[in-house]
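Look over the sequence and structure first.

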Amino acid sequence: MPKQSTNMSGLQCLATENIWFDKHRYDEAEKCFYEGVNGPSTQHQQSSSHAGGDQELVSRMKSLELENQTLHKVVENMRAALQKLESRVAMLEKTPVSAAVPCAKAAPVQAAPVKQVKVENGGGDDDDDDDDDIDLFGSDEEDEEAERLKQERLEAYAAKKAKKPTLIAKSSILLDVKPWDDETDMAKLEECVRSVQMDGLLWGASKLVPVGYGIKKLQINCVVEDDKVGTDILEEEITKFEDFVQSVDVAAFNKI
């Protein structure tokens, strides 16, 4: 062998060797090829599904927050509408009683005009003489017969008046008694209301009526004698139980 061939450089020796320096590039290309044919690897799929699940969870949380805000607005609107309705009902309940007083004052009973009757006496023109001639009992003579007739008429009138029964004016009142809150003992409240006793007052039936937010009011009926018991004194006596009673309103007022 010539000396020149024996003195080959190291680079030339490496060039003549069958060494695959670019194997990792081909391995990577092969991996990409099979992933393109068979789809991404399991690990890549898991990471992708995990990221997708997190994104879906975030979207659902945002949706729930928006829905919660919408529900809050709806509840606030319903509360405002309910408060307006309660105020309107309270005004309507008070209207009949408050309107009755002005009407009574605005239309006072006028006395019928007294018709003057002139009694003429054929024998004279003096008005004083005419007034002296008026006799309610049909006679001006002071004899025993006239006195007897006068006494009989008086006795008959007194007997007729004594037999006529005295009419007692009564009224039926429906009261709305409202508690402070939903924790008020309504049985105790009704017991306090019925403990109010007066001459001319008779308590009747009662029931609990829902108002709102779990609160119920006591609706109770009573019959009163108008000359002895008034609505003002009745409300004043009931509101003395301030631990249970918030307010008292007249729901209905009817003459019997």
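## Helix H7

In this predicted model, helix H7 spans residues 186–194. Its residues Met186, Leu189, Cys192 and Val193 are buried (under 20% relative accessible area, 1.4 Å probe, protein chains only). Helices here are DSSP runs of H or I with at least four residues, strands are E runs of at least two, and both are numbered from the N terminus. Down the axis of H7, the buried residues fall within an arc of 115°, so they line one face. The arc is taken from the directions between the helix axis and the C-beta atoms.

Those buried residues pack against S1 (170–179), S2 (201–212), S3 (215–225), H8 (231–238) and S4 (245–255). At the start of H7, a side-chain oxygen of aspartate 185 comes to within 3.2 Å of the backbone nitrogen of alanine 187.

## The sheet

Four strands form an open sheet in the order S2-S3-S1-S4, with antiparallel pairing. Pairing requires at least two DSSP bridges between two strands. S2 and S4 are the edges, each with a single partner strand, so one side of each has no neighbour in the sheet.

S2 and S3 pair over 9 bridges. Leucine 202 has valine 223 in S3 as its bridge partner.

## Confidence

The protein chain averages a pLDDT of 76 (the predictor's confidence in each residue, from 0 to 100). Residues scoring at least 70 make up 65%. pLDDT stays under 50 over residues 1–6 and over residues 97–128.

Residues are numbered from 1 along each chain as its sequence is written. Local features need pLDDT of at least 70, side-chain atom pairs count only at pLDDT 80 or more, totals for chains, interfaces and linings use all residues, and side-chain values use heavy atoms, without hydrogens and water.

How values were computed. Contact = heavy atoms within 4.5 Å. Buried < 20%, exposed > 50% of the residue type's maximum accessible area, 1.4 Å probe, protein only. Polar contact = N/O pair within 3.5 Å; in protein donor to acceptor, adjacent residues only side chain to side chain.
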